[in-house]
Amino acid sequence: MKSPLLLAASLLVLSTVSYGFLETRALAHRHRLTGTTAGKFLTSEELWFSQILDHFSPYDHRKFQQRYYEFLDYFRAPTGPIFLKICGEGPCTGISNDYLGVLAKKFGAAVVSLEHRYYGKSSPFKSLETKNLRYLSSKQALFDLAVFRQHYQDSLNAKLNRTSGENPWFIFGVSYAGALSAWFRLKFPHLTCGSLASSAVVLAVYNFTEFDQQIGVSAGPECKAALQEVTSLVDQGLASNTKAVKSLFGATELKVDGDFLYFLADAAVMAFQYGSPDELCNPLVQAKKDGEDLLAAYAKYVNEKFSSVETYDQEYLKVTAITENSADRLWWFQVCSEVAYFQVAPANDSIRSSRVDTRYHLDLCKNVFGEGVYPEVDMTNIYYGGTKIAGSKIVFTNGSQDPWRHASKQISSSTMPSYLITCHNCGHGTDMRGCPQSPLCIEGNPQNCTSPEVVQKVRQKIIEHMDLWLSECVSGDSRNHMTM
């Protein structure tokens with residue numbers, strides 16, 4: 001998840017997508033998470049697939065080229081499972097070598113990963129003007145996955161000289177991609193044996209006040225008080241000397257005060273979302289105890305962690321040319337048209353400035369995309385079910401300090417177990433990525449977590465469910481239609 005702004009931020013810092021301390025505003029949701037740092041991929045060899053542009057029109061036959069990857073080193077041909085790793089709201093530059101690689105080796109699986117439409121190199125159009133974004137939605141993306149799944153299975157059958165038959169498939173995703181993983185199993189249960197929905201933001205939220213409330217809990221009383229004092233000092237500074245305050249944080253280009261305030265809130269959020277709270281809280285709490293300048297202490301942290309603030313600039317988000325940073329505009333379109341996740345200040349005891357409210361978000365949507373773009377939150381939740389999703393064989397996992405978990409399913413049901421990884425610095429996607437998130441540990445090593453045993457316990461539960469569901473899938477197919 002990617003705050004919508006957070007996601008983007010995350011991506012920038014890693015310069016690919018979503019696995020660490022990003023630089024700016026993404027799900028962060030801009031919760032954004034799909035790639036990782038250079039040299040830490042199972043594969044980065046690009047492959048291409050001709051995808052349907054509009055899955056909901058019988059008359060529109062246009063197609064576009066969609067990028068994907070495959071990793072076959074662990075595949076036990078011909079009957080091994082196929083793991084489909086969903087790429088989310090950012091460029092997909094390869095299959096990252098996180099815990100998914102460990103699972104693939106254990107189960108003898110092939111791993112394939114499809115880049116999300118519009119992001120990275122998978123753009124259907126040469127311009128990202130608003131009228132061209134009408135086909136950017138989770139619904140279209142799910143059908144992309146279904147069509148690709150069928151295409152890849154048919155291609156594999158041809159390579160194996162099979163006229164028919166199905167390998168067992170299992171779907172994986174983190175954050176927004178985690179929501180897609182759960183929704184794929186919900187909408188296409190016949191195309192996968194199960195799904196892992198890690199930090200899956202399945203609930204579209206208009207006023208997401210729980211987000212900041214969780215930041216307060218995760219921060220603890222002392223750090224929370226320090227952050228609140230910083231916010232108060234910034235608000236006072238903007239009233240008396242706007243340029244000086246923004247200059248302190250290297251953000252003079254952010255002309256809209258709301259953009260600047262969102263940026264400062266995101267900077268704190270990143271620490272908790274990606275498993276590095278002590279990097280933020282320890283120096284801030286110490287500065288407060290020592291009677292030092294809190295604003296300067298927070299500015300030092302922000303300036304060290306965020307090399308660029310442009311993704312918080314609404315003028316930057318208006319850019320329609322396709323660049324390596326277009327993911328910011330694209331994710332904001334999804335936020336503004338489908339899921340919202342508006343991170344607004346709670347009415348009481350807020351950490352973020354009260355000026356970051358619903359009006360700020362709606363004004364941003366209108367300013368960047370024009371009239372008529374509005375988050376259809378109720379329709380999104382009706383379509384998918386929100387946290388009342390009525391699927392089966394979906395594992396939900398969340399980190400205890402991750403603010404996004406309040407948009408995820410946290411209550412287990414008989415066929416949809418939900419596990420909370422409870423520890424200090426257990427954040428977004430901890431089960432797949434380890435902690436902290438940046439730098440990414442090869443194979444998702446949990447040893448940097450304060451309580452690695454809780455990560456391992458949840459991972460073992462994931463393996464048990466996968467083993468059972470894949471076995472049921474294979475036995476069911478062998479009794480019915482599967483012929484090898």
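**Cysteine links and the interior**

Author: The link of C336 and C365 is left-handed, with -80° about the S-S bond. It joins distant parts of the chain: C336 sits in helix α12 (residues 327-339), C365 in helix α13 (residues 358-369), and the two are 29 residues apart. Their sulfur atoms are 2.0 Å apart, and the pair forms a disulfide. Both ends are hidden: C336 is buried, and C365 is too. Keep in mind that this is a predicted model.

How many disulfides does a search of the whole structure find? The count is five. A disulfide is a covalent bond between the sulfur atoms of two cysteines. Two further links deserve a look.

Take C223 and C281. A disulfide joins them, with an S to S distance of 2.1 Å. This link is left-handed, with -75° about the S-S bond. C223 belongs to helix α6 (residues 209-240) and C281 to helix α9 (residues 277-289), so the bond ties together parts that lie 58 residues apart in sequence. Both cysteines of this pair are buried.

Now C87 and C92. They form a disulfide with sulfur atoms 1.9 Å apart. Are these two cysteines buried or exposed? Buried means under 20% relative accessible area. C87 has 2% relative accessibility, so it counts as buried. C92 is at 0%, so it counts as buried as well.

Besides holding C223, α6 supplies at least two residues of the lining of the largest cavity. Helix α8 (257-273) also supplies at least two. About 110 Å³ of space lies in this cavity. Its lining includes L227, V230, T231 and V234, along with L261, L264, A265 and A268. Y298, I351, R352 and S353 are part of the lining too. Sorted by class, the lining has nine nonpolar residues, two polar ones and one charged one.

Turn next to a strand. Strand β11 (residues 394-399) has six of its six residues buried, so the rest of the structure largely encloses it. In a regular strand the side chains alternate between the two faces of the sheet. What covers each side of β11, or rather, which residues are buried there? On one side these are I394, F396 and N398; on the other, V395, T397 and G399. Both faces are covered.

β11 also has strand partners. Strand β8 (residues 195-198) runs parallel to β11, and four bridges join them. Strand β12 (residues 418-421) is likewise parallel to β11 and is joined to it by four bridges. A197 has F396 as its bridge partner in β11. F396 also stands opposite S418 in β12.

W404 lies in the loop between β11 and β12. Its relative accessible area is 0%, so W404 is buried. Y341 is 63 residues from W404 along the chain, yet their C-alpha atoms are separated by 9.3 Å.

Finally, the whole chain. It contains 16 helices and 12 strands. Of its 484 residues, 63% are buried. The accessible surface comes to about 17,600 Å². Carbon and sulfur atoms account for 51% of that surface.

To return to your request: the cysteine pairs C223 and C281, C336 and C365, and C87 and C92 are all buried.

Definitions and conventions
Residues numbered from 1 in each chain as written. Predicted model: local features only at pLDDT ≥ 70, side-chain atom pairs only at ≥ 80, totals over all residues. Heavy atoms only, no water. Buried < 20%, exposed > 50% of the residue type's maximum accessible area, 1.4 Å probe, protein only. Pairing = 2+ DSSP bridges. Disulfide = S-S within 2.5 Å. 1 Å grid on protein atoms, 1.4 Å probe; cavity = no way out; pocket = protein on both sides within 12 Å on 5 of 7 lines; lining within 4 Å. Points joined across faces, edges and corners; volume = space filled by probe spheres on them. Nonpolar A, V, L, I, M, F, W, Y, C, P; charged D, E, K, R; others polar. Areas by Shrake-Rupley, 256 points an atom, 1.4 Å probe, with all protein chains shown as cover.
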